[in-house]
Amino acid sequence: MAVIHRALFTWFTTLDFLIFLVLKLDQKISWNWFLIFIPLWVFDAVVMVYLSVNMIIHCKNGYDRNHSDLSLRRKSWFLACAFLKMLFQVLLCLKLQYMQYMSMYFVMIPFWVLTLGTSVDLFTGLVK
């Protein structure tokens with residue numbers, strides 16, 4: 001997939017999500033919160049499939065076909081980031097839709113792990 005296609009797909013899914021979110025918050029629609037987050041889950045699913053295919057090709061060939069210096073370990077970290085983001089979204093939807101009594105602390109744990117991990121990844125990248 002070309003860079004322009006990835007960028008356009010990212011922008012359109014984000015735009016769809018923001019439109020649904022604004023309509024829900026303005027109470028123009030009475031949809032379930034899980035329906036509001038569908039564009040983000042579609043985006044995350046596409047990212048996870050794309051990363052999985054790249055990892056399989058990397059393992060099969062022994063190198064990356066795009067000649068990038070991304071190791072298999074780093075690609076695994078990207079896949080874990082996408083999973084943590086999806087987990088955060090599911091927990092947030094559960095809290096907003098069904099469990100108002102659930103502590104926001106438990107909802108934010110995947111987000112904090114993701115933030116801490118990306119900070120460490122960024123710092124190690126700057127040090128190298």
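Predicted model: local features only at pLDDT ≥ 70, side-chain atom pairs only at ≥ 80, totals over all residues.

Colleague: How many helices and strands does the protein have?

Modeller: Helices (H or I, at least four residues) and strands (E, at least two) are DSSP runs, numbered from the N terminus. Here you get five helices and zero strands, so the pattern along the sequence reads α-α-α-α-α. The C-alpha atoms fill a box of roughly 50 × 30 × 25 Å along the principal axes.

Colleague: What share of the residues is buried?

Modeller: Buried means under 20% relative accessible area, exposed means over 50%, and partly exposed is in between (1.4 Å probe, protein chains only). Of the 128 residues in the protein, 27% are buried. One to look at is Gln 89, in helix 4 (residues 72-97).

Colleague: Why does Gln 89 count as buried, and which residues does Gln 89 touch?

Modeller: Gln 89 counts as buried because its relative accessibility is 4%. A contact means heavy atoms within 4.5 Å. Leaving aside residues up to four places away in sequence, Gln 89 touches Phe 37, Leu 40, Trp 41 and Asp 44.

Colleague: And Gln 27, where is that?

Modeller: Gln 27 sits in the loop between helix 1 and helix 2 (33-36). With a relative accessible area of 70%, Gln 27 is exposed. Its phi is near 60°, a positive value in a residue other than glycine.

Colleague: Which residues make the nonpolar surface patch?

Modeller: Like charges are joined within 9 Å, and nonpolar side chains (Val, Leu, Ile, Met, Phe, Trp, Tyr) within 5 Å. Accessible areas come from the Shrake-Rupley method with a 1.4 Å probe; for residues, only the protein chains shown count as cover. In this model, Ile 4, Leu 8, Phe 12, Leu 15, Ile 19 and Leu 23 make a nonpolar patch of about 540 Å². Take Leu 8: it lies in helix 1 (residues 3-25) and is partly exposed, at 39% relative accessible area.

Definitions and conventions:
Residues numbered from 1 in each chain as written. Heavy atoms only, no water. Patch = residues over 30% accessible without salt bridge, like charges linked within 9 Å, V, L, I, M, F, W, Y side chains within 5 Å. Salt bridge = Lys/Arg side-chain N within 4 Å of Asp/Glu carboxyl O.
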